[in-house]
Structure formats: structure tokens, C-alpha cells
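Have the viewer open as you read.

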Amino acid sequence: MTDKMPDETNDKPAHEASIEFSEREALLFHSYGRPGKIEIIASKPMATQRDLALAYSPGVAVPVQAIADDPSKAYDYTAKGNLVAVISNGTAILGMGNLGALASKPVMEGKAVLFKRFADVDSIDIELDTEDPQAFIDAVALMEPSFGGINLEDIKAPECFMIEAALKERMNVPVMHDDQHGTAIICAAGLINACYLTGRDIRDAKIVVNGAGAAAIACTELIKAMGVPHESVTMCDREGVIYQGRTHGMDQFKSAHAVRTEARSLHDALKGADIFLGLSAKDALKPEWIGEMKAKPIIFAMANPDPEILPPVAKAARADAIVATGRSDYPNQVNNVLGFPFIFRGALDVRATAINETMKIAAAQAIASLAREQVPEEVALAYGTKHSFGADYIIPAPFDPRLMEVVPAAVAQAAMESGVARKPIEDMDAYRQSLRARLNPTTSVLTLAYEGAKASPKRVLFAEAEEETVLRAAIQFRDGGYGIPVLVGRHDVYDKLRELGVRDPESFELYNSINHPLVPRMVDTLYERLQRRGYLRRDCERMVNRDRNIFGALLLKMGEADAMLTGVTRTYGQTMRELRRVIDPAPDRTCFGMHILVGRSHTVFMADTTVNERPSSDELADIAVESAAVARRMGHEPRVAFLSYSTFGNPPGNWLEGIREAVHKLDERGVDFEYEGEMAPDVALNPRVMKSYPFSRLSGPANVLIMPGLQSANLSAKLLRELGGDSVIGPVLVGMSLPVQVAAMASTASELVTLAVLAAGGIAR
């Protein structure tokens, strides 16, 4: 037993625990381009001298005086109200121990990224080079004017208790040590549901806590705040039970949880216990001890990366047990990312002066309640099974998009009810709506697509495996657990893999057309398909033996893989011509390409950007229907605009009838999404301009743009990729009979991995 949880933070994304990668890849990730993981960007225009004058001198004097007159105006005129400091001294970095303040910076930057990614909270990391608690306290307290909240991180016990308590006393903004309370809140949520399933009242349960570090003590304090009597909780550390009268290895924080008991060991304490909470070390809980617990025992083995007992071992010992861990590769992950971003979101939005026990309990109850609701389709798809509330699903999936709405609202409500909210929310329904609008659902769906790939790994052909970018993508695809890369290339691919740091290159499947046993069948198949299109048998033999796209497409057609990725060595048009020699569009569908523009809070789907030079009205209508379907699979309710240089006939032109006819065809089909056209891009996307056309059938800015022809579409997509501020996914190929994706020639390895995941997961189909 130990009094320190090896990894008390638990705030890594759900997929991280089981992902493997090389040290070189990790260092490259943090160093390529702009070093680090965060940057600061201006939220106001800074293009002209007037902009600068308003932003700084002399214009800045006006809000300065307003804040001097009324300090609460800082929330109106500065970023303070959405700004959290992530602060550490590096004395307890993840599971690595005391490596110092500077070494903690990558972790603190990562925490700042999670705040932004999950709850749209701006965050700055601050590393303080001191192990003196008082110096740390003084430094942080002096920063109160700068931040709306303080997230303490990776500070060792017992100093973390003193630091947090002092800062909460001195500061008038929310302060939370996430290593303690984040774990406690998610643990409490799981316990609420585990007790519900086993017919227990947590207030009547006998609970054993193994570990006496920051997270363990926070868990204990929170469940006591929820009504569990002091004498019902037995805490253990590496010395054994913390009992009244014990003097060795004690401090004021452990002493607060000492109980009268004859038990002196964890084994003794577990006899007749209902619940085990482990925040200690690997293998601390022996399977035979579980047999001495009460019926339907609840076992939370939360040590990371290796729990106190593995779930299969616990289930073998007691089939009626409910088991949770801190790991993503087992059910019921206690993951801090379910909590801290949303807790601060709610606290900031009501300008709370603190994060109190009432708010923590409200967060735990909201998370628990969410797990009992029907699981959204996109979450179920991601995990490869239809999750439903039960013994293996007592905690929501970390990427459940509803967390952003449910948890902050509960925290904000609790802050108002407990009297710490300085800006109460008057319309909670409107607030929930604003929370939904803060984040782009595409980011969650893409993450869920990656999770879905892990849950149901597919074989994906990487058809240009002699290219370094393609090999890097294949390595990432396999190491991430997203599927099995099937490489198409010559035998020197193994040497290239070795150069890229792969220790066992022969473990990658490699297909080479030279002397491959499938080649004769491939030639027969291709010749039968092309013999009436002007090709001789020797032409087919040459294509199979020399063209990686032909060879790869035939492998896909013959079932050697589930999906295919190509495109980095040849133009899109040439690659498509090669693929079409083997693979047809899906029956009764129009094949087309789509670029997906992903911003912080919006996504726009643009089609057709790659395939059809001048689509007919029928093809435009088909593209609209299929694009709307992709948008829905990405979490968006489609609003389709048929784009043109003309808006409803102004100015008139010679190429408008096809667009208008496509709109009429959608009228005839009776589709179940909004659509309108012809319209210029500013009318489709700018709500102010759209108001000039009150008869428009669009209820808001369009998010699916149907382009009138390939020239304008392809130019627009490439310009946006090079000049735009949004991330661009694609081109994504839609409508082929087999799952194949054609990447842009300039694609990075990460972009190739995304396309491979989309191809394998069925979002683009």
C-alpha cells in the first residue's frame, strides 16, 4: 500500500492510456512548427491603425477608467471571465514524481489545451519554481486580478492541501486542485450509479479507501459531504489502517479521517465492506479479499497506469462485482476530463467566488444522471456497441457531447443556490443553448470516429507505402490502435520503416505485385472489366504489376482489406481515373468530393470539390442529399445552400438554370433538411446579409455549400486550405461502392490518418 496515487490526475483523453508511440514521435509532436501546444491570438481586428488605437493607446484608457470605477467591469472589458490559470510547481508530475517546475510545463500546456477543447475555456499555464508552500501561495494570490479561476495541478501531498486551503481563503475567484477534486467528482458520480444498481444507499455503505494522498483524501471528503458517516469510511495507507491513536506516519490530513476500529490492515478492513476505493498502487487488492466483501461489491481500482486489481481478475473472483478503473481499455473509466473543464465553465459563467462542496456534488450528480440516459448514437458508434446504463456503463463516455450542456448548467445552478454566484443566470434554458453553441460538434464526432476505429479495428490499405509521409501515417494508424495498416510497395519499405524507428518492420503486412499469388486473378478480373473499353490483356497485366493504385484497388475488391487510402503521389484526377478502372460508384449514387472546414464553433461542408466538372441538376441534387447525410453523421443539422455568383436572379446569368432545377428536384423529392438557392456565399453564410432576403427558407447560416462547378469549388477549397483560418479535412470522397479515400498530394501524416479513420469508420461513405 502507498499514500501516493501513481497518477492522480486521470485527465488524459479516454484513448490515451492504451496508445503506444515512440519517444521521437512524442518529441516531434511537441516541437514541430511552433514549439509547444498553445498560442495567443487576438480576438478583435488588428488590421488598421484605428484598430490598434482602440486596442491600446489611447482607446484602452476608457475601459481602464471603467474598471477602476467598478472592478466588476473587468469581466465585461477583458478576458478575465473566461481565463483560467493552470499552475504547478512540478512536485508531482503525473506518475513521474518531483521533476521540477520547468519539466511540468508540457503537462500544464496540455491541461490548458483540454480546457479549450472540451469547454471553450481559455487557459494559460504558469510554472512556479518553488517548493516553499508559502512562497507558492503568495505568488498565486497576487495573480487574482488576472484570472477568473485557478486550477492547481501536480503538487505533491501534503503541501497541496495547505496551498489550496490558503488560496481559497485569500482569493475571491474559484480555486481547485484538480488532482484532488477532479478524481473525487468522477469517482462520486460512479459511486452514485453503482449504489443505484446494487440497491444501496451510499449513506449506509461501509467504505474502504486505500491510499491517503491528495485524490484519496478528496474522494473521502466528498463522499462524507454526500452524507456518508465518518465512522463508515476506513482509510489505509502503506502502513495499514489509519485508526484513532495511531502516531506513526500521520499528519493532520490523515488524522482527520482516523476511525475507531480493530482493523489494522487493508485485508482486515475489507471484511464485510460494501465499497473499495483504490487510489494507491498496482496489485494492492488481492482477489481472495474481494470474496470477503458483501454481495455485489463495488470496486473502484483507480491507480494509474496499473490498477489495484484488473477488472477481469476482480470479476473472476466475484462475478457480481461492479468495477471501475482509471483506464480507457476497461469499462467505467474514472477520467478527470469528464469534470474539470465543465466545472470551471459553470463557475466562470456565474462569476463564482469559489468552487464549493455543493457545486462538486452537483457536478457528480449531473454526470451520474447523464450515464443513466440513453446513449447518443454517435457515442455508441464510437465504442462499437450500443452502450446502456448498467454494471459496465456507470460513467459516461468522456467524449459524450452532452457533457458540455449538462455539467456546467448543474454547477452554475449550485453556485447560485449556495450563494457564491456574483452573476446569476436568469434564463437557464438559454444558457444551456449557449453552451451547446460554444463547441463544434465535429470535433467530438471526429474524436468518436477515432474511438470507433479502436473499438472495431479495420484493415486499411496504404497504397503508396514507399512514401515517407504514408509510412508515418501507417505507423501512427497502427500505434494508435485504429486498425491494421496493409502496405502496398516494394520490399525496401521495410528498410524505410527501420529508418523511421520501427523495431520490427516485418510485423507490417506488405503487398507487392511481384510474384504475388493473387496477380493472375487480378489480371483476369481487370481484363473482364476493361476488355470492351479498349484494353488488351497485356495492358491489364501491365497495370496490375506496375500501378499501385490498380493493384491496391483490386486487393480491396478481393476482400484483402476493408478500406483504402491513396493520392499523395499523383494528381487527384489521375488517381480517380485509376481507381475507377476497378471500383464503381455505389448504385444509384453520384460520386463526389467534399472538403470539411472546421472552426472553433462551426463546420462548413463544401461539395463537389474534386470529381464532377459541371454537374447536372440531378447530380447537384444528389450531391446535396449525400452531403446533408454526411453533415448529420458529423453531428450537424444540415442547412444546404446552392452557391452561385447570383442571388435569386441578381445579377442575371447564363448558367443558373441547372442550379434552380436542382432546387426544384429537391422540392419534388421532399427531403428532410433545409435548402435554398441560388445564392451568393455572403448571403448563405452571413446572417446580416441573409436578412435582406426574408423569404429564404434557411433558418440560419448555411453549413452545407453545394458548389456550381468543379473549377470554382476546387479553387475555393485550395484557397481556404492555404489562406483560411479553419482546419480543413479532405478532400473526402463520398459515394463509391467500396470505402476508398483519395488524399491531397500535400497531405500530412496526421491528415492521412484522419482520412483512413473516416474511410474505415463509415462516416464518409
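## H14 against H18

H14 and H18 cross in a right-handed way; a crossing gets that label if the near helix is turned clockwise from the far one by less than a right angle, and left-handed if anticlockwise. Before going further: this is a predicted model, so local features need pLDDT of at least 70 and side-chain atom pairs count only at pLDDT 80 or more, while totals for chains, interfaces and linings use all residues. Residues are numbered from 1 along each chain as its sequence is written, and side-chain values use heavy atoms, with hydrogens and water left out. Helices (H or I, at least four residues) and strands (E, at least two) are DSSP runs, numbered from the N terminus.

Two packed helices are described by the angle between their axes and the distance between the axes. Here, H14 covers residues 340-349 and H18 covers 428-438, and they pack at about 130 degrees with their axes 13 Å apart. The axes are lines fitted to C-alpha atoms, for helices over the stretch in contact, and the angles run from 0 to 180 degrees between N-to-C directions. That makes the two helices oblique to each other; the scheme calls angles under 35 degrees roughly parallel, over 145 roughly antiparallel, 65 to 115 roughly perpendicular and the rest oblique.

Which residues of H14 and H18 meet? On the H14 side you'll find Arg 345, Gly 346 and Asp 349, and they face Tyr 431, Leu 435 and Arg 438 of H18, where contact means heavy atoms within 4.5 Å. Sorted by class, this contact has 2 nonpolar, 1 polar and 3 charged residues. Nonpolar takes in Ala, Val, Leu, Ile, Met, Phe, Trp, Tyr, Cys and Pro, charged takes in Asp, Glu, Lys and Arg, and the others, Gly among them, are polar.

## H5 against H14

H14 has another partner in H5: their axes come within 9 Å and cross at roughly 70 degrees. The pair is therefore roughly perpendicular, and the crossing is right-handed.

From H5, the contact uses Lys 111, Leu 114, Phe 115, Phe 118 and Ala 119, and from H14 it uses Phe 340, Pro 341, Phe 342, Phe 344 and Arg 345. By class, that gives 8 nonpolar, no polar and 2 charged residues. Arg 345 also turns up in the contact of H14 with H18.

## Rings that pair up

There are 11 aromatic pairs in the structure. Rings of Phe, Tyr and Trp (its six-membered ring) pair if their centres lie within 6.5 Å, with planes under 30 degrees apart called stacked, over 60 edge-to-face and the rest tilted. One of the pairs is Phe 477 with Tyr 482, tilted at 50 degrees between the planes and 6.4 Å centre to centre. Together with Tyr 450 and Phe 462, Phe 477 and Tyr 482 form one aromatic cluster.

Phe 648 and Tyr 693 make another tilted pair, 5.6 Å centre to centre with 55 degrees between the planes. Phe 648 sits in the loop between E17 and H27, and Tyr 693 in the loop between H29 and E19, so the pair ties together parts that are 45 residues apart in sequence. Phe 648 is partly exposed at 24% relative accessible area, and Tyr 693 is partly exposed at 24%.

Worth a look if you check torsions: the peptide bond from Ala 607 to Asp 608 is cis, with omega near -10 degrees. Asp 608 is in the loop between E16 and H26. The bond from Gly 677 to Glu 678 is cis too, with omega near 0 degrees, and Glu 678 belongs to strand E18.

Asp 120 isn't a glycine, yet has a positive phi of about 55 degrees. Its loop runs between H5 and E2, and Asp 120 is buried at 4% relative accessible area. Asp 588 also has a positive phi, near 60 degrees, in the loop between H25 and E15, but Asp 588 is exposed at 81%.

## Two single residues

Thr 325 lies in strand E10 and is buried, with a relative accessible area of 0%. Beyond four places in sequence, its contacts include Ala 301, Pro 307, Tyr 330 and Val 334.

Gly 249 is in the loop between E7 and H10 and is partly exposed at 36%. Setting aside neighbours within four places, Gly 249 touches Asp 237 and Lys 254. How far apart in space are Gly 249 and His 664? They are 80 Å apart, C-alpha to C-alpha, and 415 residues apart in sequence.

Technical notes:
Buried < 20%, exposed > 50% of the residue type's maximum accessible area, 1.4 Å probe, protein only.
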